[in-house]
Amino acid sequence: MGNNVFRDCGSLTSIVIPSGVNKLYFSAFSGCSSLISLTVQGSETVIDGDTVFEGCPIETATIPARICSYINNAALKTVVVTSGDRIYDAALKDCSNLESITLPATVSYIGDEAFMDCKKLTSITFNGTTEKWKEIQVGSNWSYRTGGITVHCTNGEIDYT
């Protein structure tokens, strides 16, 4: 999708980017002031720059792990990560309204400050076992100043309250 292709489309509320779209270019959805729901189906989709979703009040994102950093905004409430093994450093830092995240069992690393200052974050659903969760390498302050997280695994829960 080219530069500015949907820029300032004020009535766009939801978008599904299908597999096969390899790259979202500069400001593709920038200024879409009603865009609250985003789904990116392709695990290899690349975001070209920080402005692709600039000014979009996305509340719900269903995305591959590699895109988390580009959806970081104050409106975000729910994130479902569909694929990937790494949640990068500061990926969702300062998402002050983020309440829940779902992570695939393929995640093996959660970076430094990945969820830092997500003050309403109380729930992580991990699609793997508690044993697998405990094997995940976590960076410093990955969950600092969150809402007291409970990780829901396929065979139990882990509390970080």
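View 1. A search of the whole structure finds 0 disulfides, a disulfide being a pair of cysteine sulfur atoms within 2.5 Å. Cys9 is in no disulfide. The nearest cysteine sulfur to Cys9 belongs to Cys32, 5.0 Å away. Cys9 is partly exposed, at 28% relative accessible area. Cys153 is in no disulfide either, and its nearest cysteine sulfur, on Cys68, is 18 Å away. Cys153 counts as buried, at 12% relative accessibility. Here buried means under 20% relative accessible area, exposed over 50%, and partly exposed in between (1.4 Å probe, protein chains only).

The model is predicted: local features need pLDDT of at least 70, side-chain atom pairs count only at pLDDT 80 or more, and totals for chains, interfaces and linings use all residues. Residues are numbered from 1 along each chain as its sequence is written, and side-chain values use heavy atoms, with hydrogens and water left out.

**View 2. The sheet as a whole.** An open sheet of 8 strands runs in the order E1-E3-E5-E6-E8-E10-E12-E13. Its pairing is mixed. E1 and E13 (156-160) are the edge strands, each pairing on one side only. From one strand to the next, the twist averages 10°. Axes are lines fitted to C-alpha atoms, for helices over the stretch in contact, and angles run from 0 to 180 degrees between N-to-C directions. Strands (E, at least two residues) and helices (H or I, at least four) are DSSP runs, numbered from the N terminus. Two strands pair if DSSP finds at least two bridges between them.

**View 3. Strand E3 and its two partners.** E1 (residues 14-17) pairs with E3 (residues 37-40) in the parallel sense, over 4 bridges. Ser14 has Ser37 in E3 as its bridge partner. E3 also pairs with E5 (residues 60-63), again parallel, over 3 bridges. Leu38 has Ala61 in E5 as its bridge partner. Thr39 stands opposite Thr62 in E5.

**View 4. The largest nonpolar core.** This core holds 47 residues. Phe29, Phe53, Phe115 and Trp133 touch the most other members. Such a core is a set of buried Ala, Val, Leu, Ile, Met, Phe, Trp, Tyr and Cys residues joined through side-chain atoms within 4.5 Å. The elements giving two or more residues are E1, E3, E5, E6 (78-81), E8 (100-103), E10 (123-126) and E12 (149-153). E12 gives the largest share, 3 residues.
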